[in-house]
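Please look through the structure below before reading on. The paragraphs that follow go through its strands, one of its helices and some of its salt bridges.

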Amino acid sequence: SSAVEGGFLCYLFPYNKDTSPSESLEYWQYIDRLVGNYYEKDKIIINREWFGVLTANLIPPSLAISVNIIQSILSAKQGVKSVSVGYAEQGNRSQDIAAIQSLRELNIKYLKHYGFTDINLTTVFHQYMAAFPTDTNKAEQLIFESAITAQLSRTDRMMMKSPVEAIKIPSTKENALGVKISKNGFVASKDLNYDMKDVLLEKKYIYMEVESIINAVIKLGDGDLAK
């Protein structure tokens with residue numbers, strides 16, 4: 001495997017009510033240490049991917065980004081050299097564009113704060129993760145618009161949906177249709193303009209909120225995020 005998805009926060013709260021965050025951290029530190037060992041012994045880089053969506057629906061960008069930052073730093077401390085940080089579309093295009101840009105910039109900032117300057121970091125935009133329309137025409141339109149937002153955000157990768165997301169497990173053909181619709185969205189984005197002032201305003205507030213959260217976590221742990 002060249003990648004392992006999952007993190008001690010993002011894979012705990014949505015899926016497991018019986019394990020404590022401290023236990024989860026210990027288990028995932030072990031996984032990250034194994035990934036670090038591959039690099040230290042054989043220079044094999046394994047990507048670690050996680051997200052900050054938690055419940056996936058109506059999550060403040062600052063909370064999602066903060067979860068990603070904490071997981072990035074703690075993985076880097078175990079020797080991980082490649083991380084993919086994810087964010088789920090919330091539905092406001094200016095805010096979603098600002099969130100992906102802030103996700104990249106703030107992760108790099110705080111990794112550097114802890115001395116990690118050699119981490120390969122990529123962003124992942126998840127198409128809308130909440131309840132999809134049962135009407136396939138509306139679902140197709142949502143996928144199309146999601147792809148536009150992803151392209152405008154300049155994310156590195158996109159997790160896409162199929163038009164039958166709300167109904168069933170997609171077939172190969174239905175997944176292929178999702179890819180085609182997304183590609184059409186990418187092309188359509190070239191003819192669209194968005195209000196950069198709105199994006200910059202959203203980034204301003206996201207930065208303020210994320211820095212307040214992360215700085216508080218650092219202070220509470222006396223500089224030790226794991227604590």
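In this predicted model, strand 3 (residues 82-88) and strand 4 run parallel and are joined by seven bridges. One of the residues to look for is Val83, whose bridge partner in strand 4 is Leu121. The chain passes between these two strands by way of helix 3 (residues 93-113), and strand 3, helix 3 and strand 4 make a right-handed β-α-β unit.

Strand 4 also pairs with strand 5 (residues 157-159): the two run parallel, with three bridges between them. Here His126 stands opposite Met159 of strand 5. How much of strand 4 is buried? Of its seven residues (120-126), six are buried, so strand 4 is largely enclosed by the rest of the structure. In a regular strand, side chains alternate between the two faces of the sheet.

Helix 5 (residues 172-188) can be checked for its length. With 17 residues at 1.5 Å a residue, helix 5 should span 24 Å, and its end C-alpha atoms are 24 Å apart, which agrees. The buried residues of helix 5 are Glu174, Gly178, Ile181, Ser182 and Gly185. They cover an arc of only 100 degrees around the axis, which puts them on the same side of helix 5. An α-helix has 3.6 residues a turn, so residues three or four places apart point the same way. The buried residues of helix 5 pack against helix 4 (136-153) and strand 5. On the other side of helix 5, Thr172, Lys173, Lys180 and Lys183 are exposed.

The structure also holds 11 salt bridges. One of them joins the side chains of Glu49 and Arg157, with N to O at 2.8 Å. This pair links distant parts of the chain, since Glu49 lies in strand 2 (residues 47-51) and Arg157 in strand 5, 108 residues apart. Is Glu49 buried or exposed? With a relative accessibility of 10%, Glu49 counts as buried, because buried means under 20%. Arg157, at 34%, is partly exposed.

Another salt bridge brings together the side chains of Lys81 and Asp118 (2.8 Å, N to O). Lys81 is in the loop between helix 2 (61-77) and strand 3, while Asp118 is in the loop between helix 3 and strand 4, 37 residues apart. Asp118 counts as partly exposed, at 45% relative accessibility.

Arg93 forms a salt bridge with Glu145, their closest N and O atoms being 2.8 Å apart. This pair links helix 3, which holds Arg93, to helix 4, which holds Glu145, across 52 residues. Arg93 is partly exposed at 26%, and Glu145 is partly exposed at 28%.

Conventions
Residues are numbered from 1 along each chain as its sequence is written. This is a predicted model: local features need pLDDT of at least 70, side-chain atom pairs count only at pLDDT 80 or more; totals for chains, interfaces and linings use all residues. Side-chain values use heavy atoms; hydrogens and water are left out. Buried means under 20% relative accessible area, exposed over 50%, partly exposed in between (1.4 Å probe, protein chains only). Helices (H or I, at least four residues) and strands (E, at least two) are DSSP runs, numbered from the N terminus. Two strands pair if DSSP finds at least two bridges between them. A crossover is right-handed if, with the strands pointing away from the viewer, the path from the first strand over the helix to the second runs clockwise. The expected span of a helix is 1.5 Å times one less than its number of residues. The arc is that of the directions from the helix axis to the C-beta atoms. Contact means heavy atoms within 4.5 Å. A salt bridge is a side-chain nitrogen of Lys or Arg within 4 Å of a carboxyl oxygen of Asp or Glu.
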